[in-house]
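Trainee: I am new to this structure, and I would like to learn how to read some of its features. Could we take them one at a time, with the general idea before the case?

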Amino acid sequence: MKNRVAKFLLLASFLIIVGVLLFLFILSLDLPSVEKLENFTPPEATVVYDYRDRIYGDIGVQRRYYVPLDEIPLYVRQAFIAAEDKNFYEHFGIDIGAIIRAMIVNIKHRRVVQGGSTITQQLARNLFLTHERNIIRKLREMILAIKIERKYSKDRILELYLNQIYLGSGAYGVEAASRIYFGKSVRELTLEEAATLAGLPKAPAKFNPFANPKLAKERRNYVLRRMYEDKYITKEEYESAIRKPLIVETENRFYGMDYFLDMVQQYLFEKYGELALAGGLKVYTTIDRDLQKLAQKVLHRGILKIAKTYGMPFLPESKKELERAYENQPTKIKPGNIYIGYIEQIEDSKVIIKIKDRSFEADVPSMPIEEGTFVLVKAHRFKGGVKLEILPDLQGALVSMDAKTGEIRAIVGGYSYVRSPYNRALKAKRQPGSAIKPVIYLASLMRGYTQISMIDAMPRSYYDPSTGEYWTPRNYDNKEYGIVTLRMALAKSINTATVNLLDELGFEIVMDVADKLGLKDLKPFYSLALGTVEVTPLELTSAYQTFADLGIKCEPFFIRRIVDRYGNVLEVNEPKCEQVLPPQEVRVLVDMLRAVITEGTGKRAMVLNRIIAGKTGTTDEFMDAWFVGFSPYIVTGVWVGFDIKRSLGEHMSGARVALPIWIDFMSVATAKYPDEDFPLPDGTVIVSINKEKLVRADETCPGIPMIFVEGTEPDTTCSDVEESPVDEFLFNSAP
């Protein structure tokens, strides 16, 4: 009986072993060939070129720089071996002892705490398999690991692993991670920095030193302890290393990215999906690398200057200054004072903000914020304690386009991409203020008005259906005017004249002109004349491109051509332009916008000594400041304001705030093009007009050249009329 039982058990064991071996054999049949590692080519970053085919930057979910093993310091290799696979140089691809230990720990905790995967198994999984958790995938991983070990040397496997492993923040491999986290090559890493990187493969998001510096430091010290226990470092080296602070280059949190590269990346991911993720594309764009760099510089410098000049609270610029200011704050928080806070957590309706060792609540603001960043906060009394209010940084945006094609040459969506990657140039809907007025004046020209037509500028009350109340517009500095010319009203940005003009024209033609300019969703309210519609900086700048090209509307675009890694052309884009408005009337409008520079609110731009036109814009209570202007070749718009509706301060108009930034940019940008006047289309004439009598100048009186649609110019000369001067331009400038 015993013999029969023994034989049965022996047979059953044999069948089980055969079954397991057969099962493993079947599993191995459809496994990828490890021969692929002979000529392993890891995914590449996508390279982005500017409009002259110069390299602008690179993007991709896998940022990688391949480094041979002999160029990776020994202690870096040892740190990863200590953290991930202490028996790496002894096992045959799988570590039976580590697997048993992991099983015991997992059973004890009743959940998966340890995995027991070797470095070779991790390499097999990352290169050939998915990351799903099941026994079949684990077995396939083990088989592949054994095959890899039989085919390649330990050093080759370690080299592949250290260049392939994901280490968070878009970094694949130790070289990319070294550059992103520490701003240096892997060859220059210190012992504690090497341990920080070696702590990341277990959970790159959890131990990311940008997002979770405390956990990252704890994990680093764990790796250092393992290195000491495995005799890679001495006790003195261990104790010295764990005492050192964890210092990372927080400016590299969005390593290599800026507002434009972010635009390109989003475009690729939305349109090409998996192909974009694989990388290796060549993206030829319309951006001018030099102008983009200039735009970033002048916007940053201009906003900082405004904040300092007018005493606006502003976060320190550098990481060290910011951290020092944060740590040096008083421990006691007093209501009414402004502090630097650290955003610990964002929930549905509240934000948890830390100031030194204390945490406070704040309401979620109507502006973009992110966990792990510093913000300005104001303390308020709340239920016997303190509640914080998040204050906005002063922000801005700049968009510059080729006036003849619609190609975007520069686009910057904020003061700093690292501080806030939210692209205000594309996404921020703001009121344009007086920068919308050219739409109304163009409509009037299309109705037969001229730039010397007269309009009553006395204030009138108008019913506003949006509020159900009557509304009376007012002018800058509350000044009142009488009868003025359209040229003067636009140049001096006289609000009352513009609203009265809108009333004379009616809403239909104005909204039709706006629609042709790409300004949608305008409401038939009289406050429209003062810019109560909301537009993005790109939309408004694009509308002015139509002015610059005399009624030809070009769709803005930033991608010229995309080529995949095999040389296949995926897409080609060319300018899409159409004559949407009459060139004659638009040319008269351009002449009036030239007067904004030569005679009106944009006079400061005369310093450029170029042929330019444009318009200032300021909204109620000085919440938004604009200047959009152009030469015959390039058009640029600048917006400055806060992310929430908050006043910039008394008299902080577009001329004072946005125009200086525009001048700094255009002083360089316009120099790239000829200094030529706007062309004079057929059906227009230049007539010298006496500003006092508003008639043709002759030998008896001086005049200035003005442009008219042919047939609308005055015939009367100074000699034909008696002395009856019209009030000169005796008005204060308005925004």
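Mentor: Let us begin with A203, whose place is in the loop between α8 (191–198) and α9 (213–229); helices here are DSSP runs of H or I with at least four residues, strands are runs of E with at least two, and both are numbered from the N terminus. The model is a predicted one, in which local features need pLDDT of at least 70 and side-chain atom pairs count only at pLDDT 80 or more, while totals for chains, interfaces and linings use all residues. Residues are numbered from 1 along each chain as its sequence is written, and side-chain values use heavy atoms, with hydrogens and water left out.

Trainee: Is A203 buried or exposed?

Mentor: Buried means under 20% relative accessible area, exposed means over 50%, and partly exposed lies in between, using a 1.4 Å probe and protein chains only. A203 has 19% relative accessibility, so it counts as buried. A203 is also 36 residues from L167 in sequence, while their C-alpha atoms are 8.5 Å apart in space.

Trainee: Which residues of helix α14 are buried?

Mentor: In α14, which spans residues 319–327, the buried residues are K319, L322 and Y326. Because they cover an arc of only 70° around the axis, they lie on the same side of α14, the arc being that of the directions from the helix axis to the C-beta atoms. What covers these buried residues includes β6 (338–346), β7 (350–355) and β9 (374–382).

Trainee: How many residues of helix α18 are buried?

Mentor: Nine of the 11 residues of α18 (residues 495–505) are buried, so this helix is largely enclosed by the rest of the structure. Among them are N495, T496, V499, L502 and L505. After α18 comes G506, which has a positive phi near 90°.

Trainee: What is the phi of D53, and where does that residue lie?

Mentor: As a general idea, most residues other than glycine have a negative phi. The phi of D53 is near 65°, a positive value in a residue other than glycine, and D53 lies in the loop between β1 (46–49) and β2 (55–59). With a relative accessible area of 42%, D53 is partly exposed. N609 also has a positive phi, near 55°; this residue is found in the loop between α21 (583–598) and β21 (613–618), and N609 is exposed, with a relative accessible area of 65%.

Trainee: At roughly what angle do the axes of helix α16 and helix α19 cross?

Mentor: Two packed helices are described by the angle between their axes and the distance between the axes. Axes are lines fitted to C-alpha atoms, for helices over the stretch in contact, and angles run from 0 to 180 degrees between N-to-C directions. The axes of α16 (residues 437–446) and α19 (residues 507–516) cross at roughly 115° and come within 9 Å. That makes α16 roughly perpendicular to α19, since angles of 65 to 115 degrees count as roughly perpendicular, under 35 as roughly parallel, over 145 as roughly antiparallel and the rest as oblique. Contact, meaning heavy atoms within 4.5 Å, is made by V439, I440, L442, A443 and M446 of α16 and by I509, V510, V513 and A514 of α19.
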